[in-house]
Amino acid sequence: MEPEQTPQDVPSAGDGHWSEGASDLGILLAGLTGGAGLIHLVMVPEHAGGGSWIDPVGFAVVGWLQIALAVVFLLRRGGRALAVTAAVLNAAALGVWIWARTVGLPFGSHAGIVEEVGLVDGVCAGLEATAVVVAVVMAVAPRRLRIGLLVPSIAAVAVLGLATVGITSPGTAEHAAGGHSHGDEAAAAGHSHGTTAVDAATHDDQMSTIDAARCDLGFNPKSYWTEAAALGVDTYGGGSMDMSVTTAGDITDVVGADEGRGSAGLDKLVAATSKADSGAEADAAGLVVALAQAEDDDYKAWRGWMAQRTAAAGGGHAHGSSGAAAAPDDNGGHGGHAGPTPWKAIVDQDQCVALAQELDVARKTALALPTAADAMAAGYVRVTGYVPGIAAHYMKFPYVDGEFHVDQPEMVLYDGGGPEARVVGLSYYLIQPGEAEPTQGFTGDNDHYHRHVGLCTSRAGVVGDSSTTEEECAELGGVKANGSAGWMSHAWVVPGCESPWGVFSGASPILDRALSDASGQNDGACSASSGRDRYDLSPGGKATGDSGERAEGDGG
């Protein structure tokens, strides 16, 4: 007769044997690990072609390893060492995910970018975290542990259902369309909305929710909001929302004259817009001049044409082809596309108040230097002549560094190059090497930076735009400047000179040729602009709530 086994005879946690309860828990671990592996495999195609092989290969390797472990656990094979392996694998995958969402990975196609948490990757991370806990329990479980198959089996099925929900969620479709929120990448990629009635209803619901909470309408003039709506520009997600879902049916209402047949005036504006897409500052200036001189019917028709182009580009905003050397959003040489720039809604009252205060400081700073003579007395030096759309630039070189200070603009902008020229706006200029634009700036996420790469410069300042060849630049007495480390952001804060394309737009359509022709002879506040009367420059609509109303940029 065999002697009765004593507690001292029970195998220890490190002897490699399973307990019966641990074997039962393996069913749950199979669901957790298999669900995470399935998500990783589904994401492989979406990470291919991003410029790095690390992403798709990493997702594939981790996914197949997780599924292989799930099969072993489902067959109730293996031992404690396998449970430890499962814990380590899932912990490593979870650690990489946390790394990417907190400081950004140093490798891969999204190197240095802090990624946002989405539904699908959040579900995957949750499955992996739970798998680590279950695997550790299995590895240390005593032989006497009893679980049973029913509960782990039900839980495993529920886990796989959760993984399926994550994979089939709209967030996964955004991920597939490049909808990560990577700063400027989000504006370029955009959401992948369809045009079905369901999509449009969801889109309208999102917009209504934002409208009820936003407190930022007054930061831009009324014409900004009407122009943006007419051109299908996103003023909710900063370029990430496809406005064609709600504007596609309205585009034909704004196409313009002659029942959609166009006109010679429209063709002139279309040609000027096409040239501005080249990235040359002179061509972008030419578009501003053409718009100011256009008849109202042709201008309205141009808006309709731009709306169709925006919709065809995916609903964000159309980028030009300014070349590989250009910075993000540096289209047309003026830091953005022609027309209103996208705007990301601000719904936090504290942020609205902070931005209002910052803009008030910027406004007082600009008004303290009403003429170019005042700027020169304060240490500013003229570096460009007057360029339609962006005015004449006066720079204070001691301010030029890598730091942003609202009350110390590196450049002040004037309506002409003479000492009597009147102030029209500010420009902040930061030095930062690399391809990523600075994160410093005004409160919110709307003052994007741009660069002017390859300008022709001399001791007299800028003497040729970025399209000038080295030979042409030499004939002008200058040299081609790289300029890739210099990041510029405009702030149109001078009363009367508010930009209908946005307070932080790269260019303003009211800075036309007529304004510079009258420089030194006008009353300031862009009063001599020939295109100014086309726009309503009063503050946009008020938001609800006292704090929001004070934050509407009226200086109150």
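Start by selecting helix H12 (residues 264-276) and helix H14 (residues 296-312) in this predicted model. Their axes come within 9 Å of each other and cross at roughly 45°. An angle of that value makes H12 oblique to H14. The handedness of the H12 and H14 crossing is right-handed.

Now show side chains. On the H12 side, pick Gly-265, Leu-266, Leu-269, Val-270 and Thr-273. Across from them in H14 are Asp-298, Tyr-299, Ala-301, Trp-302, Trp-305, Met-306 and Arg-309. Coloured by class, this contact between H12 and H14 shows eight nonpolar, two polar and two charged residues.

The contact of H12 with H13 comprises seven nonpolar, two polar and three charged residues.

Which element gives the most to its lining? H13 does, with five residues. To centre the view, select Val-383, Thr-384, Leu-455, Thr-457 and Val-462, which lie nearest the middle of this pocket among its 37 lining residues. The volume of the pocket is about 710 Å³.

Next, colour the strands that take part. Strand S1 (381-382), strand S2 (392-395), strand S5 (456-458), strand S6 (461-464) and strand S8 (486-491) each supply at least two residues of the lining, as does H13. Sorted by class, the lining of the second largest pocket holds 19 nonpolar, 12 polar and six charged residues.

For the last stop, go to helix H4 (residues 80-102) and helix H5 (residues 119-140). The axes of H4 and H5 come within 8 Å and cross at roughly 150°. H4 and H5 are therefore roughly antiparallel to each other, and the crossing is left-handed.

To display this contact, select Arg-80, Ala-83, Val-84, Ala-86, Ala-87, Asn-90, Ala-91, Ala-93, Leu-94, Trp-97 and Arg-101 in H4. The H4 and H5 contact has 17 nonpolar residues, with two polar and four charged.

Note on methods
Residues are numbered from 1 along each chain as its sequence is written. This is a predicted model: local features need pLDDT of at least 70, side-chain atom pairs count only at pLDDT 80 or more; totals for chains, interfaces and linings use all residues. Side-chain values use heavy atoms; hydrogens and water are left out. Axes are lines fitted to C-alpha atoms, for helices over the stretch in contact, and angles run from 0 to 180 degrees between N-to-C directions. Helices (H or I, at least four residues) and strands (E, at least two) are DSSP runs, numbered from the N terminus. Ala, Val, Leu, Ile, Met, Phe, Trp, Tyr, Cys and Pro count as nonpolar, Asp, Glu, Lys and Arg as charged, and the others, Gly among them, as polar. On a 1 Å grid over the protein atoms alone, a cavity is a set of points where a 1.4 Å probe fits but cannot get out, and a pocket is an open set with protein on both sides within 12 Å along at least five of seven lines; lining residues have an atom within 4 Å of a point. Grid points are joined across faces, edges and corners, and a volume is the space filled by probe spheres set on the points. Angles under 35 degrees count as roughly parallel, over 145 as roughly antiparallel, 65 to 115 as roughly perpendicular and the rest as oblique. A crossing is left-handed if the near helix is turned anticlockwise from the far one by less than a right angle, and right-handed if clockwise. Contact means heavy atoms within 4.5 Å.
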